[in-house]
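Reader: Hey, can you walk me through this one? I'd like to start with helix packing.

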Amino acid sequence: MSLFNVFNISGSAMSAQSQRLNTVASNLANADSATSANGTPYKAKQVVFSAIPSKSPDANGVKVTKVVEDKSPPKIIYDPKHPMADQKGYVTMPNVNVTEEMVNMISASRAYQNNVDTMNAAKTMLMKTLTIGQS
Amino acid sequence: MINKLDAALSFHQNALRVRGQRQELIAANIANADTPNYKARDLDFKAAMKNAMSGVVNEGFNTAKTSPQHIDGLPTSAPSPGGAMFRPIIQGSVDGNTVDMDVERNQFADNAIRYEASIIMINGQLKKMLAAIQGQ
């Protein structure tokens, strides 16, 4: 029954989008982390989506296949009072682009909502199907 | 006798199945709205419906036979979905994704309404049959 598969597909997309939202939260939270567990500044993380086959041949679900580190260069600011500053007074800050992350956040939450709507519509259709022959 | 009742309902039964398949495809498009290089797909409803009505039997249930006396598995009566096709690109995007959310939402709602319309038709047919049987 193909309508039941809608739940699997939309569910996979919802978990992928929530993982994306998680990385956005991590990036925003660490936007000012000049140091991390390995002593280097935090690097922004980005998720990579890819389509995965589902039960039926043409309808694909979504999966986060990997989480990559953002390749953009770190921000260098001048702050001699900062404990992480080098001899010349420069501090290497994370390469998190806050504007970009905010846009990413809105996009992820809208995509999540879209999938919730899809799921609700499929549920309504199935419930209507169950009423065939009644009344 | 039952066959005739079956035949009367078969059109909308097939319609429901094809609508269900289409709903699934559109749901997959919406799910993959952010997947790089994903190409949006849709059914040619007319062709799929024709396919479903002509009763194209797909050999979905073939049992392994180790002796010539074994009988074949029953052919499933579910017709093949009638091949999904890629949607024409309206506005391309840099990551190679061709899902246009407006089109998908629009088609999704349209398909859901038509699905429900088929259900209402079936209910109407059932009512008519019941009236004929009861003769009241």
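Reader: How do helix H1 and helix H2 of chain A cross?

Author: In this predicted model, the axes of helix H1 (residues 2-29) and helix H2 (residues 98-130) of chain A come within 9 Å and cross at roughly 160°. The axes are lines fitted to C-alpha atoms over the stretch in contact, with angles from 0 to 180 degrees between N-to-C directions. Helices are DSSP runs of H or I, at least four residues, and strands are runs of E, at least two, numbered from the N terminus.

Reader: So H1(A) is roughly what, relative to H2(A)?

Author: Roughly antiparallel, because of that angle; the label applies to angles over 145 degrees.

Reader: And which residue classes are in that contact?

Author: There are 17 nonpolar, eight polar and two charged residues in the contact of H1(A) with H2(A). Nonpolar means Ala, Val, Leu, Ile, Met, Phe, Trp, Tyr, Cys and Pro, charged means Asp, Glu, Lys and Arg, and the others, Gly among them, are polar.

Reader: Switching topic: how many residues does the contact take from chain B and chain A?

Author: Chain B gives 25 residues and chain A gives 28 residues, with contact meaning C-beta atoms, placed from the backbone, within 7 Å.

Reader: Which element has the largest share on chain B's side?

Author: H1(B), with nine residues. That side of chain B divides into 15 nonpolar, six polar and four charged residues.

Reader: What's the pattern of chain B along the sequence?

Author: Chain B reads α-β-α-β-α, with three helices and two strands.

Notes
Residues numbered from 1 in each chain as written. Chains lettered and ligands numbered in written order. Predicted model: local features only at pLDDT ≥ 70, side-chain atom pairs only at ≥ 80, totals over all residues. Contact = placed C-beta atoms within 7 Å. Parallel < 35°, antiparallel > 145°, perpendicular 65-115°, else oblique.
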